[in-house]
Amino acid sequence: MSDIFKNFAPVEEIGELVKVDHCQGEIPEDFPEGIYIRNGSNPLFGGLKSAISVFGKTDNVWVEGEGMLHALHFTKDAQGNWSFYYKNRFVETDTYNMESQRKKPAFLPVAEGDAPATLAGSFFNVMRFGQANKIYSNTNVFEHGGKHYSIAENYMPQEINLISLETYGNWNPSGVWSRPFTSHPKKAPETGELVAVGIDTTKPHCVVGVISADGKELVHKLDLQLDHCSLFHDIGVTKKCNILIDFMLTMRPERVMKGGQLFGYEREKDARIAVIPRYGDVDSIKWFNIEPCVIYHLMNTYEDGDEVVVRGCTANAAIIPGPVWGEDKFDWFSRGFNFKNVASNNWNDQKAIEDGMLFTSVREWRLNMKTLAVNERDVTGTEYSMDFPMINEDFTGLKHQYGYTQVIDSLASSKAGSAFVAKPEAVEEDDGWIVTFAHDEDSDTSYVLVVDAKNFGSEPVAKINLPQRVPYGHHGSFFSFT
Ligand SMILES: [Fe+2]
C-alpha cells in the first residue's frame, strides 16, 4: 500500500483529555470557546480485512470501521489566554461492545465483494447476531434538543457525552422510529425541527421523519412508498419543504451481483428530486427529473420566489458500495479523480470510464414549483474535484451566498471533515472560520487548522499540533459553549 494511505490506519484511544501546548499563530479574540469533533472510521481490529469462504471473497471497505471521535477543546481563561485539549474515543455501539468483549471480530464483512459471498455473509450475521452487518457509527456528529449524537446511516444515532465522549446508547425518536437514520439530518429554519431520512434494503425503503425542536417527539413520519432502496445519504430543508435526490443507485441484490452501479450503467436510469411539504403525505410529493448523476452531499436548499433551489456535489459514479476492486483498489481511486478524462463518453472503454468517474463538482438545480420546469447548471466551473460541502449553518434552508467545499485530488485529501465556526456577533454570512484536522504525510503528524472564512485564500490564522496522529475521517462539527 502506498505511503499516502498510511494515515487511514487506525489509532488507539489516548485516554483522558491531553493538554496541547503547541499553537502557531493566534486564535482570534472573538473565536468562540467550544469543541471541534470529527467522526471517522477506525477499525477495532486493525486495517482492511477480508473473509474467504466457499461462497467467494468479501472485504471490509475503507468506509467501514468502528466510529472514533476526535475532539479538540478551545477554552479561554479570564485574561483571554487560549488552552487546547485533545481526546479521542470509540463510539461504543452494541456491536462494538460485543466485539471488544470477545477481543476478536464477530461479524463477517459484507459491504463489498462477490455477491454470493456478501449475501451469505449477511445471512450468517443475521443468524448469529440478529442483523446483517455491524453498527458503524462512524460518519458524522450532530446536536439536537441540547443532546449530541454520533451517526452513520446504517443505524439509529448514538447519544454521546460531548466532554467525555462516552456513548449513552441508541436514540430512537418517540420510541417508534426504529430504523436507520441519515448521517446528515437538517434543522428546519424557524421551527428548529430536525428533518431526517432513513433508508433500508427491506420495505419501507425510504421514510422521512420530522422531530420536534426539543427532540422529544417524532411529529411526522412519511413512507415514500418507493419500490427500490436508493442511497439517500443527505436530506435538504427549506422553510416549508424537505428535499431528497433519488439518483437510483439502488441496492437490489441483482444489481450488486452485476456490479453495475459502480461503472456508470446507472447513467441510463433516471435521477430525480423530490420536493415534499414538511408534513406532506405521499400524494403531495412533487418529483423533478434531472440529468443522471450521483450525489451524496447537498450544500444547501432554499425557496426563492416560485423556485426551490437545490445545490449539491455531483459525480459520475459512486464510491460506495461496489464490487470487488481487489489489489487495485487504491489505484482505482486515484484514477477516479482524474479530471482529464472526465469528459469521456466511450462507455465501451472501461478504463476510460473509470478515469474521472469520481470527479465531483457543485451543481445547482432550480425547480419551478408552478411550471415544474427544471434549470440546472454547474456552479463551480473549475478543474478541481470538490465534495464535502458546508455552509454557515445559520443559513441552512435559507438563501445563502457562500459555500465551502474540499478540493479532492486523491482519496487521502478527500477525508478531512472540516466545520464552519460562526463568529458569535456575526453580521455577515461569511463572518467566521473554517476548522479542520489536517495531516502532514512527510512528518506523519496531525494538527488542527483555523482559517478565516473572509480570507479563505490566505494562510491559516492558527495551527495547533496534536499529541497523536489523527487518521483521515468523515464529517466534523464545532459545538460552541455559548
Ligand atoms: Fe457524508
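Predicted model: local features only at pLDDT ≥ 70, side-chain atom pairs only at ≥ 80, totals over all residues.
**View 1. Serine 83 sits in strand S7.**
The strand covers residues 82-90. Is serine 83 buried or exposed? It counts as buried, because its relative accessibility is 18% and the cut-off for buried is under 20%. Leaving aside residues up to four places away in sequence, serine 83 touches Lys19, His73, Phe74 and Thr75.

**View 2. Helix H1 packs its buried residues against S7.**
Look for Thr95, Tyr96 and Glu99, which are buried in H1 (residues 94-102). They lie on the same side of H1, because they cover an arc of only 105 degrees around the axis. What do the buried residues of H1 pack against? Their partner is S7, the strand where serine 83 is found.

**View 3**
Which residues line the second largest cavity? The lining is made up of Leu231, Phe232, His233, Asp234, Ile245, Phe247, Ile295, Tyr296 and Leu298. Strand S21 (residues 294-304) gives the most to this lining, with three residues. Sorted by class, the lining of the second largest cavity has seven nonpolar residues, one polar and one charged.

How values were computed. Residues numbered from 1 in each chain as written. Heavy atoms only, no water. Helix = DSSP H or I, 4+ residues; strand = E, 2+ residues; numbered from the N terminus. Buried < 20%, exposed > 50% of the residue type's maximum accessible area, 1.4 Å probe, protein only. Contact = heavy atoms within 4.5 Å. Arc of directions from axis to C-beta. 1 Å grid on protein atoms, 1.4 Å probe; cavity = no way out; pocket = protein on both sides within 12 Å on 5 of 7 lines; lining within 4 Å. Nonpolar A, V, L, I, M, F, W, Y, C, P; charged D, E, K, R; others polar.
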